[in-house]
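Here's a quick tour of how this protein packs on the inside. Have the structure open as you read.

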Amino acid sequence: MQVTRRHCMIWRNRISRFSSRAELDLNLTRKPDPVPVTITKQTFTAQLESCSSHPDQLKQLHAVILTTGISVKNSLLTRLITSFIALGETSYARKVFDEMHKPRVFLWNMMIKAYVKDGDFIEAAAVYRRMHRLGVRPDEFTYTFVVKACAQLLPWAGLAVAAHAVKYGLEFVAEVRTEMVVMCVRNRELGLARFLFGSMVERDLVAWNAFVAACVQSGHAAEALDLFRRMRVAGVKLDAVTIVSAFSACGQLGCLETGEEIYGIMRQCEIVCNVIVANARLDMYVKCGSVDMAEALFEDMSRRNVISWSTMVLGYAMNGESRKALDMFSRMQERGVAPNHVTYLGVLSACSHAGLVNEGRAYFKRMVQSGDKNIQPKIEHYACMVDLLGRSGHLEEAYNFIRSMPIEPDSGVWGALLGACAVHQNVELGQHVADVLFELDPANGSYHVLMSNMYAAAGRWDCVDKVRLKMRKRGAKKVAAYSSVEFNGKIHIFFGGNRFRPESSKIYEKLEDLLRQVKNIGYTPNTTSVFHDVGTEEKEATLSHHSEKLAIAFSLLSLQPECPIRVVKNLRICDDCHSFCKFVSKATKREIIMRDKIRFHHFRNESPMS
């Protein structure tokens, strides 16, 4: 019996009725016995439209397509792939893609883009490699995604793909060139990034924003602010994305003055202060140590999300306001805002800074037992718990905690324990932890220095020499300590003992005068901070020229009397400089806000607030 148009219409209508209920009965699509019915491409197209938001039904439909032989048409599979990718079913979309015969280039691009969006950069590169091997000619959209993927992998991989773009004459396409610039920034090739950006025929807002954001995300905050200023000079119209990156750069550098200037520019340009912009500004305030301004902004925000609350919890913790951090966390929960892993990082940090061991244990246990994937402990939370236990003197418990971790501890976790061993002068455990760190991160000189200092504090100078010799053999580099302050929109950087600044003589004169003042009111140099086998006078001379002290002397010479002194230190502040700041604040009646590698230290007219 021959199938008529009427038979097809009947089956089409039956499928459409079930489509309206977003259901799919596979029995309906089987050929009725004994009449063989041919299911058409149009029938499945209608079904596909109705199931496009239901992944399980799309998979059923795909199975039916395979059994009926319609899959030979790429157009139907293309629509399936598009639907699966839109639903986040990238792995299944790949299965459908692999069934296709000679897929068009836009489908290759779609698969690469999907993997990049999912963060699966290895698979994105693998798809491109297969595309290249099969001789499929890429277009300008291909390299927009491929360069982004390879930039996250190995530096040479990104350069190899960039060479391919040049081969196909696509390197001057704005989108491709923009991704190449971002790749160079992330690989710390700033000179090459500047050259590529400067040689762009047209630099639109997207290109500028991408360059600025890449600099911020890669830790090149000063470069980001320089680009922001160049945007202004070039007359580029700023948007919210630009402002968010600029605020983030100011937060990294501790530039409150510049941050306030950018806020004024934002208002001048009439850029809407949505919750994303407000959160970036909030983050800038807490990272500049201006908790009061952060509080005022937070209370004034018409809309807050979990990032807003988490920023305040973490900000209070960083600035030594542990009780306020925990109160903010309680308030957040009372308002029905579900915390995330960043919130709990702030909570654990607050417990660590305040020595609240039992509370910290309870919060961490809550994370583990919650079953909520958004707050399951990550490596940072384990490191924070080790810091909490270690610094409160529970070194053995901290060590056993690391041994029982369900994930592999990294150098950050072991480093937290080594720091605690240094605080409590547990040389034996410190030596064991240091050996682990030397294997995990042999090029990191900071662990060698810390262990060397522990031996020096214990008077074991022979061990000091051995650690330093081992450090030289491994090529481990010690990070040079420096401090920075902001003045007149510029960052002024100071290295210990450096005399190359034009105003160095005035700075050292001010510092000597300052040292006399604070010694008269009780300051005594803490020479235990100098780990060299030399005399007391030489140790005091070394201490007196630390970068923090030079930065404070410069600030007293440069800033108005009513302005707080804000100093950013790239490493931990030493005990002597902490004591020095306390006495300087008392002698000069000035507020000093010191941000080191870990946290803030606030000094207000004598007493350290953290």
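## The nonpolar cores

Start with the largest nonpolar core, which has 146 residues; the members touching the most others are Ile81, Ile112, Tyr143, Ile243, Phe247 and Leu417. Keep in mind that this is a predicted model.

## Two helices side by side

Now look at helix α30 (residues 547-558) and helix α31 (residues 575-588), whose axes sit 10 Å apart and pack at an angle of about 20°. Angles under 35 degrees count as roughly parallel, so α30 is roughly parallel to α31. Their crossing is right-handed.

Who does the touching? On the α30 side, the contact is made by Glu548, Lys549, Ile552 and Leu556, and on the α31 side by Asp576, Cys577, Phe580, Cys581, Val584 and Thr588. Sorted by class, that's 6 nonpolar, 1 polar and 3 charged residues.

## A closer look at Ala551

Ala551 lies in helix α30. Is Ala551 buried or exposed? The relative accessible area is 0%, and buried means under 20%, so Ala551 is buried.

Leaving out neighbours within four places in sequence, Ala551 is in contact with Ser483, Val485, Phe494 and Val567. As for Arg566, that residue is 15 residues from Ala551 in sequence and 9.1 Å from Ala551 in space, C-alpha to C-alpha.

Terms used. Residues are numbered from 1 along each chain as its sequence is written. This is a predicted model: local features need pLDDT of at least 70, side-chain atom pairs count only at pLDDT 80 or more; totals for chains, interfaces and linings use all residues. Side-chain values use heavy atoms; hydrogens and water are left out. A nonpolar core is a set of buried Ala, Val, Leu, Ile, Met, Phe, Trp, Tyr and Cys residues joined through side-chain atoms within 4.5 Å. Buried means under 20% relative accessible area, exposed over 50%, partly exposed in between (1.4 Å probe, protein chains only). Axes are lines fitted to C-alpha atoms, for helices over the stretch in contact, and angles run from 0 to 180 degrees between N-to-C directions. Helices (H or I, at least four residues) and strands (E, at least two) are DSSP runs, numbered from the N terminus. Angles under 35 degrees count as roughly parallel, over 145 as roughly antiparallel, 65 to 115 as roughly perpendicular and the rest as oblique. A crossing is left-handed if the near helix is turned anticlockwise from the far one by less than a right angle, and right-handed if clockwise. Contact means heavy atoms within 4.5 Å. Ala, Val, Leu, Ile, Met, Phe, Trp, Tyr, Cys and Pro count as nonpolar, Asp, Glu, Lys and Arg as charged, and the others, Gly among them, as polar.
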